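Student: Before we start, I would like each label tied to its cut-off. Can we go through it that way?

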Amino acid sequence: MVEILGPSIHQESFPPEIDVYRIPHNRMKQLVTSVMQILPEIQESLNFGQAILEKTLQVVYTTMWELKTHEMIENTVIMNKLKERLNARQVYNQFVCNCHEDSDLIKIIDLVELVYSSLDQMDRTFYWQKLQEAIYEFLDDFLPHMEEEESIFQPLLNEYFDYDELKQIKDTVLIQHKEWKVKVDAEKSLKHFKRSDDREENREIKEDQYCQEVFKTIPSDFVSEKLPDEILHEIFTYISDPRDFSKASMVCRRWNSVSKTLQFWKNLPLSQWERGIWTFRNVDLYELLLAEKSQEEDYSQAHLYDDIPELLQIVGSGTRTLSISGSKFVTNTQMKRILKNVPGLIELDCSYTSICHIAFNDPTINLQKLEKLDLSGCRNVTDLMIELIVKSITNENVCLKWLSLSGCELLTDKSLQYLETFSSTLECVDFSGCYRMSGMLMKNFTDGCKNLKAEFISYCNLLEDGPDPSEANGCNNSDCDIRPCCLTYQN
């Protein structure tokens, strides 16, 4: 007789020699502790040489690879055997099909590589902040995940496998952990890593016949109407194409409500969607921007910015990062409508657009939580626009830490006066190509920024009296093909 099972509540005691999870999980808990202890050391090593940084980052890098192999071993040795046995007995358990997603680990590994390989100190600091957030988010879920395995899957193993089989599974798990530990220590070195942008897309995906059978067996009305909110929400987290949320919202009222959950709309890479790159994951658009300089414009997605403000009226309060970088179609009026609906925005990227002060000329725009603002390559940025941006951000607790005005050639010393509002919080600033600013006033401005170190300052090479000339960065636009360089205006 076919069974449809929820979580097992069969929790009798059993001999430790058939506990397939205890020893590996104790090791994983040790790894988690080591990561938590090393994070402050990495923070300190960011300002030292590459060798010191590499030593501390390597601990996190190796640890995350070991955690990833742990998930892989549990999938291949434990979960696959459990699925085979349940399938043979015609026992279909949907919880067995809802585990072991390692995309968070892949994201952390990628961020470690980005921190290590970043040559620009501003980029390194930015990726380091992202890495910390990703690690803390992962660790919040990882320990409960291990507890779930021990409370749900171990009892299932005890019920459907005999003593000798369980002992063999445990021995295999421990042997593979030892073998993979040696392999990780020998091969996973930051010195020799090679970045792969399509690491996630190229992972082998094998057809899971058991889980297909599980979901065939569950009645359709059960899936759509009787699933708990938490499970339905978890299913929606696997949607990677924003257009699929639109399709799901038309299924029923409940799905419509879930599709508009604020968590799903934290990151809005609008300029990627404009180019038909339909993913919530950020993609490096630099090469595309270079290529598009000689291409005819494609207007197929030009309507996007008419539709987005309506959506943001519902989900915009949950949006934390927004990018229109390199957009050819967004207008100032459309951008104004967008900004009015994202009061919790932390990162805003308007780089390489024709946006001007009109986009920010509305007193209802509230960007008080903004920490990062990228206006690189925006040639229409004026002192008035900076004044309006400052007004939209200003509050009792200013947050802006990272600012790029690289290539904003119209800015003058007046902008420096407006930016003094952020003197207590700025940590990175780029004035490359802002040749109309004077070195003396720029130095006065940076001297007043108590958290701004010289190595995180970039400005025009023509300014001989600028801040900390021996330590600050020069113009970041000298070798850039899409931002104007200050040397262009010499003589």
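**Labels and their cut-offs**

Student: Where is S432 found, and why is S432 called buried?

Tutor: S432 is found in the loop between β8 (428–431) and α17. Buried means under 20% relative accessible area, exposed means over 50%, and partly exposed lies in between, with a 1.4 Å probe and protein chains only. The relative accessibility of S432 is 0%, so S432 counts as buried. Note that this is a predicted model, in which local features need pLDDT of at least 70, side-chain atom pairs count only at pLDDT 80 or more, and totals for chains, interfaces and linings use all residues. Residues are numbered from 1 along each chain as its sequence is written, and side-chain values use heavy atoms, with hydrogens and water left out.

Student: What makes the pair S432 and D430 a polar contact?

Tutor: A polar contact is a pair of N or O atoms within 3.5 Å; within protein, one must be able to donate a hydrogen and the other to accept it, and residues adjacent in sequence count only if both atoms are side-chain atoms. The side chains of S432 and D430 are joined at 2.6 Å, as a polar contact.

Student: Is N451 called buried, exposed or partly exposed, and what makes it so?

Tutor: N451 has a relative accessible area of 36%, and is therefore partly exposed. Its place is in the loop between α17 (439–447) and β9 (457–459).

Student: Which residues does N451 touch?

Tutor: Contact means heavy atoms within 4.5 Å. Leaving out residues up to four places away in sequence, N451 touches S424, T425, L426 and E427.

Student: Why is T56 called buried?

Tutor: T56 has 8% relative accessibility, so T56 counts as buried. T56 is found in helix α2 (residues 50–88) and touches I38, E41, I42 and S45, not counting residues up to four places away in sequence.

Student: What makes α1 and α5 roughly parallel?

Tutor: Axes are lines fitted to C-alpha atoms, for helices over the stretch in contact, and angles run from 0 to 180 degrees between N-to-C directions. Angles under 35 degrees count as roughly parallel, over 145 as roughly antiparallel, 65 to 115 as roughly perpendicular and the rest as oblique. Helix α1 (residues 22–45) and helix α5 (residues 163–187) pack at about 30°, with axes 9 Å apart. The two helices, α1 and α5, are therefore roughly parallel to each other.

Student: Which residues make that contact?

Tutor: I23, P24, R27 and M28 of α1 meet K170, V173, L174, H177 and K181 of α5.

Student: How do you know that α13 and α14 are roughly parallel?

Tutor: The axes of α13 (residues 304–315) and α14 (residues 332–339) come within 9 Å and cross at roughly 15°. On that basis α13 and α14 are therefore roughly parallel to each other.

Student: How many helices and strands are there in the protein?

Tutor: Helices (H or I, at least four residues) and strands (E, at least two) are DSSP runs, numbered from the N terminus. The protein has 17 helices and nine strands.

Student: What share of the protein is buried?

Tutor: Of the 491 residues, 48% are buried.
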